[in-house]
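Subject: Structure for your review

Dear colleague,

Please find below the structure that I am handing over to you.

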2 protein chains.
Amino acid sequence: MHGYSFYGKASRAFHQYPSLAKFLVVFTASGGGLLAITGGKPSPTTAYADPVQVQGDDQCKKKKKVVVLGTGWAGVSFLKNLKDPNYDVHVVSPHNYFAFTPLLPSVTCGTVEARSIVEPIRCIARKKGLDVNFREAVCYKIDADKKKVFCRSSQETNLGGKEEFSIDYDYLIIAMGAKSNTFNTPGVEEHAHFLKAVEDALRIRQSVIDCFERASLPSVSEEERRRILHFVIVGGGPTGVEFAAELHDFVTQDLAKLYPSVKGYAKITLLEAGDHILNMFDKRITAFAEEKFQRDGIDLKTGSMVVKVSDKEISTKVRATGQFVALPYGMVVWSTGIGPRPEVLDFMKQIGQPNRRALSTDEWLRVEGCENIYALGDCATIHQRRVMEDIASIFNKADKEKSGTLNLKDFQEVVGDICERYPQVEIYLKKKQMKNIADLLKASQKESSVQVDIETFTSALSEVDSQMKNLPATAQVAAQQGAYLANCFNRMEQCEKYPEGPIRFRGVGNHRFHPFRYKHFGQFAPLGGEQTAAQLPGDWISIGHSSQWLWYSVYASKLVSWRTRMLVISDWGRRFIFGRDSSRI
Amino acid sequence: MHGYSFYGKASRAFHQYPSLAKFLVVFTASGGGLLAITGGKPSPTTAYADPVQVQGDDQCKKKKKVVVLGTGWAGVSFLKNLKDPNYDVHVVSPHNYFAFTPLLPSVTCGTVEARSIVEPIRCIARKKGLDVNFREAVCYKIDADKKKVFCRSSQETNLGGKEEFSIDYDYLIIAMGAKSNTFNTPGVEEHAHFLKAVEDALRIRQSVIDCFERASLPSVSEEERRRILHFVIVGGGPTGVEFAAELHDFVTQDLAKLYPSVKGYAKITLLEAGDHILNMFDKRITAFAEEKFQRDGIDLKTGSMVVKVSDKEISTKVRATGQFVALPYGMVVWSTGIGPRPEVLDFMKQIGQPNRRALSTDEWLRVEGCENIYALGDCATIHQRRVMEDIASIFNKADKEKSGTLNLKDFQEVVGDICERYPQVEIYLKKKQMKNIADLLKASQKESSVQVDIETFTSALSEVDSQMKNLPATAQVAAQQGAYLANCFNRMEQCEKYPEGPIRFRGVGNHRFHPFRYKHFGQFAPLGGEQTAAQLPGDWISIGHSSQWLWYSVYASKLVSWRTRMLVISDWGRRFIFGRDSSRI
């Protein structure tokens, strides 16, 4: 930076006050009004050792080595929230950047540029001022006994074969994400596009232009032209729906003008195996989306199972009739859900979890059966402990006098811990509209006795476990898990001495940390044509142009850095004024 | 465009007044001041048939079919300047966009994004409102006898093999550009990067990041790290020098901060076979550039011929000592000049020009020995007619009375035509500081006689042909040729009736058009660190920060559309504030 004092200062101002980001205001030029979104992140008062003090202690005490695998939402959220300088952090990932994945569907059609939604990990680490080493490599093996991970560089250039190396760890954080699930459908890997990574989005963008250019050649027959311009999307989840909507906008708003001779041949088909698209959303949103797609001319085929993909045809089985239908296509995008990555699957086999859909962890995100290994994000699933497994222990802990019965006072002492340790209890109570566990006990008895024996206790709680649900595989969950874990690491020593978690019903004392608890802030489903459906907590539904502005504001404020924020907002502006670019690069 | 009335209007305003572009003002936040650049393009009063009238005539008269091969500077300049709607224009190119190539070195390091410097051909054609068909394909064969070109689609996707087709033409315009010249040096095609196309620039950008990521792996030895971070550039022309400067800025300003552990290993070497870099520029610029590179730590090796490139080493021969030196490298960029593309070479063989470095044309850009075929830009070279070949005819034309001698009056009648037909005469006169051809004749004689016979005439003009020079292979030349040719096409019919060119010395009457004349507006050589060298007409030299601002202004004003202009300017701003992005995508 030779002499860029003005720019330097401006740049530093942006970097030094990241909290400004929480109050990002998007000026909406029409319709949407003015909106400010706060980050809503819990900010506990962290009390780790003073950095200066640590430097002095450093000579006698070795820093603990934390290895983070992956730089997606979970891994980066962990890095961004880690404040304790007493860790030597090593990050291993095949991508040297973090990608803001919710905008990937926008990248496929050039509404937003790929580079606008990525931020180099080294920049993120540098801003933290922590001791972070990044390695661009894939971890292909984890040795939990020797506390070692084995890695391999992902480059295939002329730099001389694939470099291999291993890293020791004290703590291992697995946040490697997941891969698209093909359900072993033949031909999908070879012929379909996925939409998980930035590279996928770029390839899809090129492919769409390829189809239009190909269809414009004079020697192509009419039938072939119709095939080439048939875009098929498999999977009616939020990603598939958003991509279909983006593609429809791209074709009607931009490509139709530039390819007037072939625009009539373009067709978009969305295949969904279930009865409805967006089935995780409220029914009103599903209905609105389906109607909008019908109006837009997007061919929505629900109840269609894909059985095979060949180079020019996609074969489906119609569930209602059992018939097989073959659709000629030009491009297929596969977006039907996720499955474990091969490296994670290997590790799952190694630790005796071969049949799970993801790495199983306890409520503190620790991988079951392993020591000092954590898993979060899409590669992990929390195995919530059942109340019924621990019912005797809970009763005994509560029954301090060992009288064999519990009274109200006994309850009141443990009810908080029960609800914290077994969140399903709280959800069950809420559902039954009861205030507390005492109500539950009362309800299970005819007379309002205050004394409860173990049988009554068991029967009262017998249905609470039915309320357990796996968390969705979303960026929101991963980000909250990363922040939670970083916060645990920040207070590791403090909580060792003064545990803050609930009572150990099966052991002695308290758990060191509160268990992870997910807080849902709502979900968006962009439907194209400047309309978005939003489902916010408390069953608040909003569909239309105003939600689109909410979407713009929330996404702009959530972006990882001021650079990406400015780039994405200017991309949106560029799109409004000049449309999307159709150059094939 | 549903309801974007505001944006729509803004967009239309941009599109409808492209002449605004000529007065683009770059607001310079510091140092550079305020600068407005005018396009400086000659704008002749074109007089073609009225479009409305033409529509009526259309039924009786078939439109002439013009096929343009290539969408570089020459082809696009032709398209942008063609105004006569009486042509049915077909454009064939493997790229569906025009790239502003002078900014390619900036793209290699992310100073400017690739998408900011490209504009789809279909957008350019649509804005013209002309009848333009674009085909994304490569022309692999030209049949001049049957007036047909054979094309093949360039896609290798699952769309089903390579489509082939042919197009008839009435006029063919070859503007396919050139390819990098390896001078048959072994290993260059396999291991070196070129810098001719947008894809090349993107690959170089990825490769630089790959080298830094690779060097950061813990298992890499110190020697290997030094090799991987050794960037070698072959060729000290403007492109090689600009790339070296860009790379140096990228490494020192951005990467050094993000890769602190390996920054000490990075090294840039520039190999030049001649004695100096930038040898087409003034000596002062060369000296400044060489000194600056030395200060910057760029290792400049002049007099080094590359003899071989292997996967990890580049072998050079030092001209002074005759010694062979092998340099281990991580990345090589090859930028030593241009040679004909294979398709053009095939055509050159076919029409009997097998040994030329490019397609030979006359001064009207017509390919020699072909009918209705034009060639312009880097794939062509103008074969300027020698005065000595025509000396007898010139004398005879001038000697109207067939007296065997010329007097001053005879001269005055033809001198304008001579200077126009043989521009070397004018250059020679300028060099000798003579006002007109009469001075030249006088100088060749002892006594100031007014009567000149053919021997004296021949001896007086004997040295003028030494002033003939090929035009440089630059964007400026190609753009002027495209504009010139479009202008000829616009006035084809008019000039058929009323020829405007010089006398045909070897024939009857006048040439239909003025011959092409190149007007040099100067050249830039960006040297990094916000410094640029500029050589403007009249030997005006400017080096330093002010030239950098001139460079910014000129390039911004010359960009092809308002969209690219805005994007490039915002890229520059982003770079000032946030630096260059180092994500490997």
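The notes below go from the chain as a whole to the pair of copies and then to individual sites.

Please bear in mind throughout that this is a predicted model.

Chain A as a whole

Chain A is built with 20 helices and 27 strands. It has 585 residues, of which 54% count as buried. If one takes the contacts in chain A between residues at least 6 apart in sequence, 64% of them join residues at least 24 apart.

Chain B can be superposed on chain A by a rotation of 180° with 0.0 Å of shift along the axis, and the RMSD is then 0.1 Å. The two copies are therefore related as by a two-fold rotation axis. Both copies use the same surface, since 100% of the contact residues of chain B recur in chain A. Within chain B, the residue that comes closest to the rotation axis is S570(B), with its C-alpha at 4.4 Å.

A buried serine

S360(A) lies in strand 20 of chain A, which covers residues 359-361. Its relative accessibility is 1%, and because buried means under 20%, S360(A) counts as buried. The side chain of S360(A) makes a polar contact of 2.8 Å with the side chain of R356(A). Apart from neighbours within four places in sequence, S360(A) is in contact with Q353(A), R366(A), V367(A), E368(A), T381(A) and H383(A).

Sites at the surface

A nonpolar patch on the surface is formed by M305(A), V307(A) and F324(A), which together have about 280 Å² of accessible area. One of these residues, V307(A), belongs to strand 15 of chain A, residues 304-309. V307(A) has a relative accessibility of 31% and so counts as partly exposed.

T321(A) sits in the loop between strand 16 (313-318) and strand 17 (324-328) of chain A. With a relative accessible area of 53%, T321(A) is exposed. From C-alpha to C-alpha, T321(A) and G303(A) are 9.8 Å apart in space, while 18 residues separate them in sequence.

With kind regards

How values were computed:
Residues are numbered from 1 along each chain as its sequence is written. Chains are lettered from A and ligands numbered from 1 in the order in which they are written. This is a predicted model: local features need pLDDT of at least 70, side-chain atom pairs count only at pLDDT 80 or more; totals for chains, interfaces and linings use all residues. Side-chain values use heavy atoms; hydrogens and water are left out. Copies are superposed by least squares on the C-alpha atoms of residues with pLDDT of at least 70 in both. Contact means heavy atoms within 4.5 Å. Helices (H or I, at least four residues) and strands (E, at least two) are DSSP runs, numbered from the N terminus. Buried means under 20% relative accessible area, exposed over 50%, partly exposed in between (1.4 Å probe, protein chains only). A polar contact is a pair of N or O atoms within 3.5 Å; within protein, one must be able to donate a hydrogen and the other to accept it, and residues adjacent in sequence count only if both atoms are side-chain atoms. Patches are made of residues with over 30% relative accessible area and no salt bridge: like charges are joined within 9 Å, nonpolar side chains (Val, Leu, Ile, Met, Phe, Trp, Tyr) within 5 Å. Accessible areas come from the Shrake-Rupley method with a 1.4 Å probe; for residues, only the protein chains shown count as cover. A salt bridge is a side-chain nitrogen of Lys or Arg within 4 Å of a carboxyl oxygen of Asp or Glu.
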